[in-house]
Amino acid sequence: MFLTLENQTVNTAFFQPLTGLAAASPHARACPEFPDADYLEGGVPRGLETSPSGRAFLQEHGPRLTHQPTPANYFVTLHSDRPLALLTGVNLTVLATANRTLPDRLAALPELARYECFAVDGHWHHAAAHDPRHDGAKLAVGHFYSLNLRTQTLRHLAAGEGLHEHDMSALKRIKPKGLRQDVPQGRRGLLVYDKAGIDFDYWNRCRQECAVYFLSRAKENQVLEWVASMTWDRHDPRHHGVVEDMRVKTRAGHMLRLICYVDPVTGKAYEFLTNEPDLPPGVLVELYRRRWDIEKVFDALKNKLGEAKAWGTRLGARTTQ
């Protein structure tokens, strides 16, 4: 009995998730000089290779592409709105497929069955070669990302605007619906952010409009009024280190939870704030611990993939990157 094996190259298997997505996009358009499918397949190695510029990438790696674009076609595409719309839609399709198929890293926490949990943060790298200077220096370029704590998929939420956009300015520009990130109806979204993401008025708006909740470290200078102490299962090993779980109120009247935790290994004390009312305190502490995963992703982007500077000055080019 003979077996016939499909003759598939590693390159074909690697790009398989992109197959047919360009043609299926409502933003697709026939472009013989630089087809949409080639635009997508060329963008992946541009992100993976450590070429210092687009011209260097075309010179060194262009001959390996299925259809090598001319520098003119390549740079026009990088600055065009239509290819960016195509790329955005394809990116979300690939992301949705990955989220359906990758292992669930939060499956061992049954209380999170109704939640989609994300670590959200801003990431900064060097300016593009032709960026203008301000007071003699070029300013860093910011992007805001969300890491799905179930599947470890990374979602680009927004590129920073202005000279140095603050985290809360970007979150408000994304709006509560954008921060929900297509979480299905009937499920809650929980965003784990550092102290830069604290704005209690906006937290309340996100909870009311889209069932999106926040978890953060407490700021040192915050004034909070004790309202009530909560109870939790002190015999559950997941709560080891939890000292207090209490309801507190801000000066503006926002009701929150303050969780006091002492790391059993280091003895260091932490305080966590959240507007999520139901999850066990130890589970929330564990979710914040996993926020560090997004910092490791940023380190990989900059140091392993060489994405240390912006590809272009225009917002569209930066978003494409």
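Why does His254 count as buried? In this predicted model, local features require pLDDT of at least 70 and side-chain atom pairs count only at pLDDT 80 or more, whereas totals for chains, interfaces and linings use all residues. Residues are numbered from 1 along each chain as its sequence is written, and side-chain values use heavy atoms, with hydrogens and water left out.

His254 counts as buried because its relative accessibility is 14%, the term denoting under 20% relative accessible area, with exposed over 50% and partly exposed in between (1.4 Å probe, protein chains only). The residue His254 lies in the loop between strand S7 (242-249) and strand S8 (255-262); helices (H or I, at least four residues) and strands (E, at least two) are DSSP runs numbered from the N terminus. The side chains of His254 and Asp201 are joined by a polar contact of 2.6 Å, that is, a pair of N or O atoms within 3.5 Å, where within protein one must be able to donate a hydrogen and the other to accept it, and residues adjacent in sequence count only if both atoms are side-chain atoms.

The structure holds 11 aromatic pairs, defined for rings of Phe, Tyr and Trp (its six-membered ring) with centres within 6.5 Å; planes under 30 degrees apart count as stacked, over 60 as edge-to-face and the rest as tilted. Tyr270 and Phe272 are stacked, because their ring centres are 6.2 Å apart and their planes at 15 degrees. Phe272 also forms a tilted pair with Tyr288, at 5.2 Å centre to centre and 55 degrees between the planes. Both Phe272 and Tyr288 are buried. Ring pairs link Tyr261, Tyr270, Phe272 and Tyr288 into a cluster.
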